[in-house]
Amino acid sequence: MGRAQLQKQTEQARWLSARELSLVALFAALSGISAFIRIPIPYVPLTLQTLMVMFSGIILGGRLAALSQLVYILVGLMGIPILAYGGGPGYILQPTFGYLL
């Protein structure tokens, strides 16, 4: 096996580069920040989070955008209050949790 083939296999085995990982973290943070910018509507808050989800899909592509939103949801479910009405595992029981999925 040549050196070029070995290097190619090593590059394929790498899951995320440092640039991709930082972009995923950036868009997860931007989703968290945009969750607090809301337009009051009686039942479900309208936030700028939808815009950030669309931007992440356009800029990052499907795989990395889905990963960034998964990171955002998991961080919120761990208890850090970055979701629209707080955070924590009990947030699953909120009526607005279905919109995050």
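Predicted model: local features only at pLDDT ≥ 70, side-chain atom pairs only at ≥ 80, totals over all residues.
Which residue forms a salt bridge with Glu-20, and how far apart are the closest N and O atoms? Residues are numbered from 1 along each chain as its sequence is written, and side-chain values use heavy atoms, with hydrogens and water left out.

**View 1. The salt bridge between Glu-20 and Arg-63.**
The partner is Arg-63, and the closest N and O atoms of the pair sit 3.9 Å apart. A salt bridge here is a side-chain nitrogen of Lys or Arg within 4 Å of a carboxyl oxygen of Asp or Glu. The pair ties together distant parts of the chain, with Glu-20 in helix H2 (residues 18–34) and Arg-63 in helix H4 (residues 62–77), 43 residues apart. Helices (H or I, at least four residues) and strands (E, at least two) are DSSP runs, numbered from the N terminus. The structure holds one salt bridge. Side chains of opposite charge can pair when their charged atoms come close. Glu-20 counts as partly exposed because its relative accessible area is 23%; the cut-offs are under 20% for buried and over 50% for exposed, with partly exposed in between (1.4 Å probe, protein chains only).

**View 2. The whole chain, for orientation.**
Five helices and two strands make up the chain's elements, and from the N terminus on they run α-α-β-β-α-α-α. Of the 101 residues in the chain, 31% are buried. Take the contacts (heavy atoms within 4.5 Å) with a separation of 6 or more: 47% of them join residues 24 or more positions apart.

**View 3. Helix H2 and what covers it.**
The expected span is 1.5 Å times one less than the number of residues in the helix. Buried in H2 are Val-24, Phe-27, Ala-28, Ser-31, Gly-32 and Ser-34. An α-helix has 3.6 residues a turn, so residues three or four places apart point the same way. The cover over the buried residues of H2 includes strand S2 (46–47), helix H3 (49–60) and H4.

**View 4. Ser-34 in helix H2.**
Is Ser-34 buried or exposed? Ser-34 counts as buried because its relative accessibility is 5%. Its side chain reaches the backbone oxygen of Ser-31 at 3.1 Å. That is a polar contact, meaning a pair of N or O atoms within 3.5 Å; within protein, one must be able to donate a hydrogen and the other to accept it, and residues adjacent in sequence count only if both atoms are side-chain atoms. Leaving aside residues up to four places away in sequence, Ser-34 touches Thr-47, Leu-48, Gln-49 and Met-52.

**View 5. H3 crossing H4.**
The axes of these two helices come within 7 Å and cross at roughly 145°. Axes are lines fitted to C-alpha atoms, for helices over the stretch in contact, and angles run from 0 to 180 degrees between N-to-C directions. The crossing of H3 and H4 is right-handed; a crossing is left-handed if the near helix is turned anticlockwise from the far one by less than a right angle, and right-handed if clockwise. On the H3 side, Gln-49, Val-53, Ser-56, Gly-57 and Leu-60 meet Gly-62, Leu-64, Ala-65, Ser-68, Gln-69 and Tyr-72 in H4.

**View 6. Helix H4, with Gln-69 and Val-71.**
The 16 residues of H4 should span 22 Å at 1.5 Å a residue, and its end C-alpha atoms are 22 Å apart, which agrees. Buried residues of H4 include Leu-64, Leu-67, Gln-69 and Ile-73. Gln-69 counts as buried because its relative accessibility is 13%, and Gln-69 touches Phe-27, Ser-31, Val-53 and Ser-56, not counting residues up to four places away in sequence. Just after H4, Gly-79 takes a positive phi of about 120°.
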